[in-house]
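Me: I have a structure open and would like to go through it piece by piece. Can you help me read it?

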Amino acid sequence: MQAKIIQIGNSKGIRIPKTILKELDIHDKINIEIKDNWSDDEKENTPVCTATGDQEYPQIVSDGSGGAFMVWQDKRNGTDYDIYAQHFNASGVAQWTANGVVVCNDTSDQRVPYLTGDGAGGVIITWWDTRSGITNSNIYAQRINSSGE
């Protein structure tokens, strides 16, 4: 395996397999903590949501403690898109309901979510919403605390 540049939302990151870090013996020198639950195999990824239907437009932000909050638009209901979110701790373990907590599942589409940390251990999520009609779409926001509520 080789180190490679990967896309993370609108940013780029470097993916360095654990085997390379161990071979080079630089783990302690650059203060990287290797987490066993995050896979370093590109064919064995950490599932965020495996519900039926389409899950699209994922966004990610750090939780400030080595983990991450993620949000996406989700069509698991088979009718329209809703917004779901998940929190993974530094070990790559989902902290909220399996397949994510619902942020908004109002009528019609909720799409194109974005998120940012709230400075208190949670996130604020925004999205484009057509509950008032496609020609009268609006932007909504919801704060989700560290417990997923």
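Reply: One term before the strands come up: two strands count as paired if DSSP finds at least two bridges between them. With that in hand, β7 and strand β8 (residues 123-129) pair in the antiparallel sense over six bridges. Keep in mind that this is a predicted model.

Me: What holds paired strands together in general?

Reply: Strands of a sheet pair through backbone hydrogen bonds, either parallel or antiparallel.

Me: Ok. Which strands form the open sheet, and in what order?

Reply: The open sheet has three strands, in the order β7-β8-β9, and the pairing is antiparallel. β7 (110-117) and β9 (138-144) are at the edges with a single partner strand each, so one side of each has no neighbour in the sheet. From one strand to the next, the twist averages 20°.

Me: Which residue in β8 is the bridge partner of R111?

Reply: The bridge partner of R111 in β8 is W128.

Me: Let me zoom out. How many helices and strands does the protein have?

Reply: The secondary structure comes to one helix and nine strands. Starting at the N terminus, the elements run β-β-α-β-β-β-β-β-β-β.

Me: And what share of the residues is buried?

Reply: Of the 149 residues in the protein, 31% are buried. The accessible surface comes to about 9000 Å², and 48% of that belongs to carbon and sulfur atoms.

Me: What about contacts along the chain, how many join residues at least 24 apart?

Reply: Take the contacts between residues at least 6 apart in sequence: 36% of them join residues at least 24 apart.

Me: Salt bridges next. How many are there in the whole structure?

Reply: A search of the whole structure finds five salt bridges. One of them joins R111 and E56, with the closest N and O atoms 3.9 Å apart. R111 lies in strand β7 and E56 in strand β3 (residues 55-62), so this pair ties together parts that are 55 residues apart in sequence.

Me: Is 3.9 Å within the cut-off or beyond it?

Reply: Within it: the nitrogen has to be within 4 Å of a carboxyl oxygen, and the closest N and O atoms of R111 and E56 are 3.9 Å apart.

Me: How accessible are R111 and E56?

Reply: R111 has 24% relative accessibility and counts as partly exposed. E56 is partly exposed too, at 28%.

Me: Which residue forms a salt bridge with R143?

Reply: R143 forms a salt bridge with D118, and their closest N and O atoms are 2.7 Å apart. This pair links distant parts of the chain, with R143 in strand β9 and D118 in the loop between β7 and β8, 25 residues apart. R143 is partly exposed, with a relative accessible area of 41%.

Me: Which residues are linked in a network of salt bridges?

Reply: D106, D129 and R131 are linked in such a network. Within the pair R131 and D129, the closest N and O atoms are 2.9 Å apart.

Me: Is D129 buried or exposed?

Reply: Buried, because its relative accessibility is 0% and buried means under 20%. R131, at 27%, counts as partly exposed.

Me: Changing topic: which residues form the nonpolar patch on the surface?

Reply: The patch is formed by Y57, V112 and Y114, which together have about 240 Å² of accessible area. Y114 is found in strand β7 and is partly exposed, at 38% relative accessibility.

Me: What does I139 touch?

Reply: Apart from neighbours within four places in sequence, I139 is in contact with W127 and W128. The C-alpha atoms of I139 and W127 are separated by 5.7 Å, although these residues are 12 residues apart along the chain.

Me: Last one. Where does G53 lie?

Reply: G53 lies in the loop between α1 (18-24) and β3, and it is partly exposed, with a relative accessible area of 42%. Not counting residues up to four places away in sequence, G53 touches K75 and R76.

How values were computed
Residues numbered from 1 in each chain as written. Predicted model: local features only at pLDDT ≥ 70, side-chain atom pairs only at ≥ 80, totals over all residues. Heavy atoms only, no water. Helix = DSSP H or I, 4+ residues; strand = E, 2+ residues; numbered from the N terminus. Axes fitted to C-alpha atoms, helices over the stretch in contact; angles between N-to-C directions. Buried < 20%, exposed > 50% of the residue type's maximum accessible area, 1.4 Å probe, protein only. Contact = heavy atoms within 4.5 Å. Areas by Shrake-Rupley, 256 points an atom, 1.4 Å probe, with all protein chains shown as cover. Patch = residues over 30% accessible without salt bridge, like charges linked within 9 Å, V, L, I, M, F, W, Y side chains within 5 Å. Salt bridge = Lys/Arg side-chain N within 4 Å of Asp/Glu carboxyl O.
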